[in-house]
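Open the model in your viewer and keep the selection tool ready. Each stop below says what to select and what is there.

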Amino acid sequence: MTSDTGDTLQVRPSAAGLGCHVMAAKADLLGGHHATQIRRLLVAHGVLCFPAVALDDDEQLIFARTLGEVASDWDVSSDRTVNRNERLAEYQKSSVNWHFDGFGVDVPEFATIMSPRILANGSAGATEFANCYAAYQALCAADKEAFDSLRIRHSFETTMRLVKPQPSEAELEEWRKGGPPHTQPLVWHHDSGQNSLLLGASAFRVEGMDLEEGRALIARLNAWITQPRFVYRYEWEIGDLVIWDNTGVLHRAVPYAPDSKRLMHRTTILGHEAPG
Ligand SMILES: [Fe+2]
């Protein structure tokens with residue numbers, strides 16, 4: 001990581017309590033001059049939006065490395081004429097459902113950095129974020145107690161069935177091999193002392209609970225987390241860059257035509273804390 005001069009960034013928090021516009025010069029981002037403050041702002045605001053910084057793919061990677069260790073760095077598109085990797089293009093269709101990245105690993109990514117290369121039309125293809133800290137906070141005391149030790153099974157198959165309810169045997173096998181079920185706690189007790197709900201479209205079962213009863217609870221809580229009062233929507237312009245705290249927000253793309261050529265560049269930062 002590069003050194004941080006400690007200079008203060010100009011920030012404009014959104015009214016929703018999630019999301020913050022940050023004014024920064026490209027050279028300062030690439031030099032890591034605000035890295036410490038950016039990590040702190042990220043945890044405080046969940047989503048940081050840097051308008052018109054115009055980082056290209058290489059620069060986005062340089063910037064990402066000022067914030068931590070890079071876990072992945074690639075293009076994201078569900079349009080097969082743009083994304084030559086047909087399998088990844090197909091998987092990308094599931095990003096219109098609420099999720100967090102890394103449900104299948106013990107330590108999910110800390111943050112995701114994204115910038116658009118080709119936009120979809122209008123507000124289709126905007127990205128929405130749901131504040132999982134606020135959603136937890138707003139639960140009644142009885143729910144907080146009842147949910148505290150629940151454990152949730154997640155799988156890639158659950159995510160993909162939402163976009164392709166009747167897969168072929170070969171697809172099913174591929175999904176199961178690529179993302180076998182993994183258990184995560186429902187409530188993430190962060191090292192910071194804050195708690196957040198950890199759910200999303202990959203959740204399919206509550207351990208120790210009847211399957212249907214568990215499904216109903218998952219549906220109820222996913223609806224709870226993503227109600228408008230907890231949601232922040234970002235409408236993209238070319239040149240923008242957004243970072244979100246993957247450990248405290250769910251995200252999704254507002255549905256767009258799969259053949260719209262929408263193309264994003266996405267870089268993730270390694271996590272350092274297992275949910276628990
Ligand atoms: Fe994602």
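## Stop 1: the cysteines

Select cysteine 20. Cysteine 20 is buried, with a relative accessible area of 0%. Buried means under 20% relative accessible area, exposed means over 50%, and partly exposed is in between, using a 1.4 Å probe and protein chains only.

Before moving on, note the ground rules. This is a predicted model, where local features need pLDDT of at least 70 and side-chain atom pairs count only at pLDDT 80 or more, while totals for chains, interfaces and linings use all residues. Residues are numbered from 1 along each chain as its sequence is written, and side-chain values use heavy atoms, with hydrogens and water left out.

How many disulfides does a search of the whole structure find? The search finds 0. A disulfide here is a pair of cysteine sulfur atoms within 2.5 Å. Cysteine 20 is in no disulfide, and its nearest cysteine sulfur, on cysteine 49, is 7.8 Å away. Now pick cysteine 140. Cysteine 140 is in no disulfide either; the nearest cysteine sulfur belongs to cysteine 132, 18 Å away. Cysteine 140 is partly exposed, at 41% relative accessibility.

## Stop 2: the iron ion

Select the iron ion. Which protein donors does the iron ion have? They are His99 (NE2), Asp101 (OD) and His251 (NE2), at 2.2 to 2.3 Å from the ion. Donors are N, O and S atoms within 2.8 Å of the metal (3.2 Å for Na, K and Ca); water is not among the atoms, so sites may look incomplete. Along the sequence, the donor residues follow the spacing H-x1-D-x149-H.

Helices (H or I, at least four residues) and strands (E, at least two) are DSSP runs, numbered from the N terminus. Both aspartate 101 and histidine 251 are buried.

Stay in the loop between helix 4 and strand 5 and select serine 95, which is found there. Serine 95 is buried, at 10% relative accessibility. Leaving aside neighbours within four places in sequence, serine 95 is in contact with Arg252 and Ala253. Contact means heavy atoms within 4.5 Å.

## Stop 3

Switch to a cartoon view. An open sheet of 7 strands runs in the order 1-2-3-13-5-15-4, with mixed pairing. Two strands pair if DSSP finds at least two bridges between them. Strand 1 (10-13) and strand 4 (70-76) are at the edges; each has a single partner strand, so one side of each is left without a neighbour in the sheet. From one strand to the next, the twist averages 20°.

Select strand 5. Strand 5 pairs with strand 13 in the antiparallel sense over 4 bridges. Look for methionine 114: its bridge partner in strand 13 is valine 242. Strand 5 is also joined to strand 15 by 7 bridges, again antiparallel. There, serine 115 has histidine 265 as its bridge partner.

Go on to strand 4. Strand 4 and strand 15 (residues 263-269) run antiparallel, joined by 6 bridges. Tryptophan 74 stands opposite arginine 266 in strand 15.

## Stop 4: helix pairs

Select helix 2 (residues 35-45) and helix 3 (residues 57-67). Their axes are 8 Å apart and pack at about 80°. Axes are lines fitted to C-alpha atoms, for helices over the stretch in contact, and angles run from 0 to 180 degrees between N-to-C directions. Helix 2 is therefore roughly perpendicular to helix 3. Angles under 35 degrees count as roughly parallel, over 145 as roughly antiparallel, 65 to 115 as roughly perpendicular and the rest as oblique. Ala35, Ile38 and Arg39 in helix 2 meet Phe63, Thr66 and Leu67 in helix 3.

Zoom in on arginine 39. Arginine 39 is partly exposed, with a relative accessible area of 23%. Arginine 39 and leucine 67 are 28 residues apart in sequence but 7.0 Å apart in space, C-alpha to C-alpha.
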